[in-house]
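Hello,

Here is the structure we talked about. Please open it first, then read my notes below.

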Number of protein chains: 2
Amino acid sequence: MTGESAAVSPGSSPQSVAADVLRKLRSTSATLAVAESCTGGWLGKVITSIPGASVSFWGGVIAYDNEAKLKLLSVSPGALTADGAVSERTAREMALGVVEVSGATWGVAITGLAGPDGGTANKPVGTVYVAISGPRDRSRTYHLSGDRRMIRRQAVDRALELLDEALGTQ
Amino acid sequence: MTGESAAVSPGSSPQSVAADVLRKLRSTSATLAVAESCTGGWLGKVITSIPGASVSFWGGVIAYDNEAKLKLLSVSPGALTADGAVSERTAREMALGVVEVSGATWGVAITGLAGPDGGTANKPVGTVYVAISGPRDRSRTYHLSGDRRMIRRQAVDRALELLDEALGTQ
């Protein structure tokens with residue numbers, strides 16, 4: 001492997017990336033918490049599909065409604081009104097919020113528009129923001145295509161890959 | 001349909017039960033929050049696979065670690081130490097806790113042993129507790145069989161069916 005972004009080969013299954021993430025977390029005695037909006041728990045589901053996930057996985061928040069983002073993740077009202085629930089700022093605040101509430105080493109957040117409704121010219125359906133909070137922060141914007149299921153699935157895949165990249169080569 | 005428990009025919013897909021649950025919630029302007037331990041977000045994932053889920057679905061807590069149960073769901077330390085994380089009492093407290101933190105009309109909680117490790121003579125792998133908190137409380141114990149994936153999937157199915165039953169014929 002020549003670099004962080006090569007840590008996961010393209011086409012790896014979400015389960016294999018999740019297993020790699022958990023292995024890296026375990027090897028550094030680090031913990032993980034998730035904050036999910038449009039994926040509604042799918043990321044947590046994939047992570048906990050791996051036996052022994054409990055060693056490193058704290059849990060997290062399914063922040064589907066904006067009130068959940070405000071109340072459980074301390075997302076600022078300004079992020080939601082000025083930037084919107086689907087924005088890089090909200091994703092970053094969700095990731096930071098879940099680290100703060102959980103005390104986990106790493107937090108990963110997903111917010112996006114899975115459709116079929118809700119898209120705008122500026123933010124069409126398929127716009128997804130992922131943010132990582134921890135020893136190395138990351139945030140990235142994705143423009144995903146396909147139906148609701150495909151967009152949500154790709155959002156989970158991208159979040160796991162970004163987290164795996166942030167965790168580095170261990 | 002002759003009764004509440006006949007609201008869902010055996011073999012219905014989780015998605016179709018989730019759609020039925022969301023239709024009933026919408027028709028009564030009720031909202032739902034989830035608290036998931038062993039399923040790790042799978043229940044939320046299935047509910048949010050239905051377009052328009054945001055009308056009724058608040059979100060919830062992935063309470064995988066006991067600390068998440070204590071901190072985000074206000075589960076009592078006594079429930080965890082005396083009865084255990086996998087117990088009817090903990091399931092009930094998780095359901096009540098997610099209703100309290102969310103203000104949702106209904107809360108549904110799942111805690112169980114998905115394996116492959118962690119089973120005991122009293123509580124073998126496959127023991128799952130589901131609790132509903134809301135206008136009509138429910139709690140039930142399941143003894144599920146199969147591998148980790150099958151146990152988790154059945155736990156999600158049973159939780160949706162119990163919720164559908166609690167919501168009644170609407």
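Let me start with one pair of residues. Ala35(A) sits opposite Ala109(A), which belongs to strand 3 of chain A. Strands here are DSSP runs of E with at least two residues, numbered from the N terminus.

A word on the source. This is a predicted model, where local features need pLDDT of at least 70, side-chain atom pairs count only at pLDDT 80 or more, and totals for chains, interfaces and linings use all residues. Residues are numbered from 1 along each chain as its sequence is written, and chains are lettered from A and ligands numbered from 1 in the order in which they are written.

Now the neighbours of strand 3. Two strands pair if DSSP finds at least two bridges between them. Strand 1 (residues 32–36) of chain A pairs with strand 3 in the parallel sense, over 5 bridges. Strand 4 (residues 127–133) of chain A pairs with strand 3 in the antiparallel sense, over 6 bridges. There, Val128(A) is the bridge partner of Gly112(A).

Is strand 3 of chain A buried or exposed? In strand 3 (residues 106–112), 7 of 7 residues are buried. Buried means that 20 or more other C-beta atoms, placed from the backbone, lie within 10 Å of the residue's own. In a regular strand, side chains alternate between the two faces of the sheet. Trp106(A), Val108(A), Ile110(A) and Gly112(A) are buried on one side, and Gly107(A), Ala109(A) and Thr111(A) on the other.

Best wishes

Conventions. A residue is buried if 20 or more other C-beta atoms lie within 10 Å of its own, exposed if 12 or fewer, and partly exposed in between; C-beta atoms are placed from the backbone. Helices (H or I, at least four residues) and strands (E, at least two) are DSSP runs, numbered from the N terminus.
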